[in-house]
Amino acid sequence: MKNVNLAVAACLSTCLVPLSAMAHPHIFAEARMEIIEGPNGNVQEVRNIWRFDEMFSASVVLDYDKNSDAKLDKEELADIGNTVHESLAEFSYYTFITLNGKAVDFGKPDAIHVDYKDNQILMFFSVKPQKPLPIKGTLSFGAWDPTMYTAIDFAKDSDIVVKGPHLAACKHKVVRPNPDEIIAQNQSSLTDAFFNDPTGTDMTKLFATRLELTC
């Protein structure tokens with residue numbers, strides 16, 4: 001098992017993907033998600049904003065500060081964004097949307113925008129459904145890392161918001177699963193193999209905060 005500090009320091013080089021079989025979080029991000037209604041009355045896009053912890057952010061500066069001026073300039077920030085854009089594709093950009101329990105496919109973000117403020121890395125991007133996504137039935141929106149290496153936290157219910165009249169008219173519920181209850185209900189499934197599987201597992205979603213809309 002690799003040293004945790006080394007794993008974190010090198011992590012962005014593989015773009016938030018775990019470097020060893022350690023399934024519990026080592027990177028922490030405060031998140032905001034905005035679900036945007038389009039002029040046609042469908043879900044147009046889902047916007048993500050992530051603010052990463054200072055330890056991980058410092059490691060990113062070390063890795064990407066090519067001119068050694070102790071900050072990240074425009075080109076260096078763009079380099080980070082390009083790396084993330086390619087590497088998180090296989091993890092659905094940590095963004096998960098369902099309609100009546102079925103996964104909704106979306107395209108790659110046009111870009112991952114990166115900033116560095118108050119010693120923290122910020123990332124901004126949006127994804128758009130590949131097919132029209134009507135605002136009806138039961139819709140679910142969440143953000144999590146299937147490998148459990150990165151913890152994405154919505155600190156307040158208001159950090160997941162909807163924008164648009166049809167979305168606003170739906171019944172809203174922010175679901176925050178109780179970890180102890182989830183473990184008790186799924187003891188037969190939550191094995192040592194699950195907690196040490198660096199490829200991820202669908203079980204991760206059981207623990208994730210999400211917004212559910214009934215329309």
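Which residue forms a salt bridge with aspartate 157? The partner is arginine 176, with the closest N and O atoms 2.9 Å apart. The model is predicted, so local features need pLDDT of at least 70 and side-chain atom pairs count only at pLDDT 80 or more, while totals for chains, interfaces and linings use all residues. Residues are numbered from 1 along each chain as its sequence is written, and side-chain values use heavy atoms, leaving out hydrogens and water.

**View 1. The salt bridge of aspartate 157 and arginine 176.** A salt bridge places a side-chain nitrogen of Lys or Arg within 4 Å of a carboxyl oxygen of Asp or Glu. This pair links distant parts of the chain, 19 residues apart: aspartate 157 is in the loop between S8 and S9, and arginine 176 is in the loop between strand S10 (171-175) and helix H5 (179-185). Helices (H or I, at least four residues) and strands (E, at least two) are DSSP runs, numbered from the N terminus. Aspartate 157 has a relative accessible area of 43% and arginine 176 one of 37%; each is partly exposed, a class between buried (under 20%) and exposed (over 50%), with a 1.4 Å probe and protein chains only.

**View 2. The salt bridge of lysine 163 and glutamate 34.** The N to O distance is 3.6 Å. Lysine 163 belongs to strand S9 (residues 160-163) and glutamate 34 to strand S1 (residues 27-37), so the pair ties together parts 129 residues apart in sequence. Lysine 163 is partly exposed at 40% relative accessible area, whereas glutamate 34, at 11%, counts as buried. Salt bridges with shared partners join Arg32, Glu34, Glu45, Arg47 and Lys163 into one network. The whole structure holds nine salt bridges.

**View 3. The aromatic pair of phenylalanine 91 and tyrosine 94.** Rings of Phe, Tyr and Trp (its six-membered ring) pair if their centres lie within 6.5 Å; planes under 30 degrees apart count as stacked, over 60 as edge-to-face and the rest as tilted.

**View 4. The stacked rings of phenylalanine 96 and tryptophan 144.** Their centres lie 4.4 Å apart, with planes at 15 degrees. Phenylalanine 96 is partly exposed at 21% relative accessible area, whereas tryptophan 144 is buried at 13%.
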